[in-house]
Amino acid sequence: MMREEWKEEWKEELTEERILRMLEGRQYKELKEELENNMYPVDLAEILENFNQKQTVMVFRLLAKEEAAETFAYMNSDMREQLINSLTDSELEEVMEEMYLDDTVDVLEEMPANVVDRLLMATDEEKRRQINQLLQYPEDSAGSVMNVDYIALRKEMTVADAILRIRQVGLNRETIYTCYVTEKKKLIGVVDVKELLTTSESKLIEEIMDTNMLYAQTTDDQEDAARTITKYGLIALPIVDHEMCMVGIVTVDDAMLVLQEETTEDISIMAGVHPSEESYFGTTVLEHVKSRIPWLMFLMLSATVTQMIMNSYESALAVMPQLAGFIPMLTGTGGNCGSQSSTLVIRGLAVGEIEFKDVLKVIWKEVRIAVCISVILSVVNGIRIMLMGQGNLMMAFTIGGTMACTIIIAKVVGCTLPLAAEKAGLDPAIMATPLISTLVDISTISVYFAIVSAVFAL
């Protein structure tokens, strides 16, 4: 017994190289068993990204129907399209039958029209109707990511009836842990499987159901629905129409994907890059250029304002050329301070911690932070100027005063612009590092030369 356990412990891991070796050695039976017992669909989909089309199809055909459908759902759009073109109609039909409806809709939204037609032909009439209904919901709405496969109970059912119902239909539902009580399709309550299993079988569902329900409407933003699931620790959130009729659920795994996509989009926008649904390596060089050039072009042209301000102080720079040496430090410090504030405010808006009504509270807090930071940085920088012989005490005070003003302006700009964008119905992420840095640069140069001109009478 110990020897068998030792052998099992030292069993070779099913890696990309090993799968390829087994394919080359025609060890299909052994590979099929290994795939069923030692490989998660999400890991297999990642491995198959490195295989050619023939190898991918060979591995895919060894999978059981359920594993094949789940692996297909985790593949990127290019892999799916190649696989669809390689599978027979009967194989494709088996995959479509096993896929959950929300995953099927996600696949269809990424496929070209000719591939979508073939996929729809591989589904039965009822599922095709449900797919078409989901595709009609607005993009990024809760309705577009929901699943219509859920457990529906009636209030007059006993607990025993409910458990029997779950046994009958639960296998084809994405989740069974939360059941929904409906009356004439209207959502009237929820009940957990835990409650059903720990309650007397003779009790009615009406007696144990919770009528204080959290739910979202089909037209609500998908990110809001995902936040609700995360905030309240839900396994699934019921989705209703404007008449409170139950139409589907958004599960926690879908909520995680939504939040991941929204975060990726915000990060892209904050970096001045147009969001892309494709992976980094899955995006061509030309597409990368197209996504990045608009912001870079705008920022380059907007820097003309900074240049014009500096040109107007050419006489001051001619008298004191050392003034130019402090400009990069001041603009860099201001840009960094503004970026810090904007990042924290954008994050607060994303998680619902900050709202537009908090704008004065946010400004007041950032001003206090700015004062503390500016005092510390100004003192340190003044000492540096004196020690390095870059100026006298008056120059140190001038640069310190400019830095203090710059930091306060940067903090205020960095915290207010995202809030203003949110109020205007725009994505707060657009008011991030690139734009704020440009605005702070303009402010810094203006303040710097105004103070220098006043102090040194230039």
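In total, 9 salt bridges are counted. One of them joins the side chains of Glu 34 and Arg 18, with 2.9 Å from N to O. Because Glu 34 lies in helix 3 (residues 28-38) and Arg 18 in helix 2 (residues 16-24), this pair ties together parts that are 16 residues apart in sequence. Glu 34 and Arg 18 are both buried. A further salt bridge is formed by Glu 355 and Lys 357, whose closest N and O atoms are 3.8 Å apart; here Glu 355 is partly exposed at 41% relative accessibility, whereas Lys 357 is exposed at 68%. Salt bridges with shared partners also join Glu 223, Asp 224 and Arg 227 into one network.

Strand 5 (residues 236-240) is mostly covered, with 5 of its 5 residues buried. In a regular strand, side chains alternate between the two faces of the sheet. In strand 5 both faces are covered, with Ala 236, Pro 238 and Val 240 buried on one side and Leu 237 and Ile 239 buried on the other. Strand 5 runs parallel to strand 4 (residues 216-217), to which it is joined by 2 bridges, and Gln 217 stands opposite Val 240. With strand 6 (residues 246-251), by contrast, strand 5 runs antiparallel, and the two are joined by 5 bridges, Ile 239 having Gly 248 of strand 6 as its bridge partner. The hairpin of strand 5 and strand 6 has 5 residues between the strands, and in this hairpin Met 244 takes a positive phi near 65°.

The protein has a mean pLDDT of 82, with 91% of its residues reaching 70 or more. Confidence is highest in strand 3 (residues 186-192), at a mean of 93, and lowest in helix 1 (residues 2-9), at 42. Where pLDDT is low, the predicted coordinates should not be read in detail.

Note on methods:
Residues numbered from 1 in each chain as written. Predicted model: local features only at pLDDT ≥ 70, side-chain atom pairs only at ≥ 80, totals over all residues. Heavy atoms only, no water. Salt bridge = Lys/Arg side-chain N within 4 Å of Asp/Glu carboxyl O. Helix = DSSP H or I, 4+ residues; strand = E, 2+ residues; numbered from the N terminus. Buried < 20%, exposed > 50% of the residue type's maximum accessible area, 1.4 Å probe, protein only. pLDDT = per-residue confidence, 0-100. Pairing = 2+ DSSP bridges.
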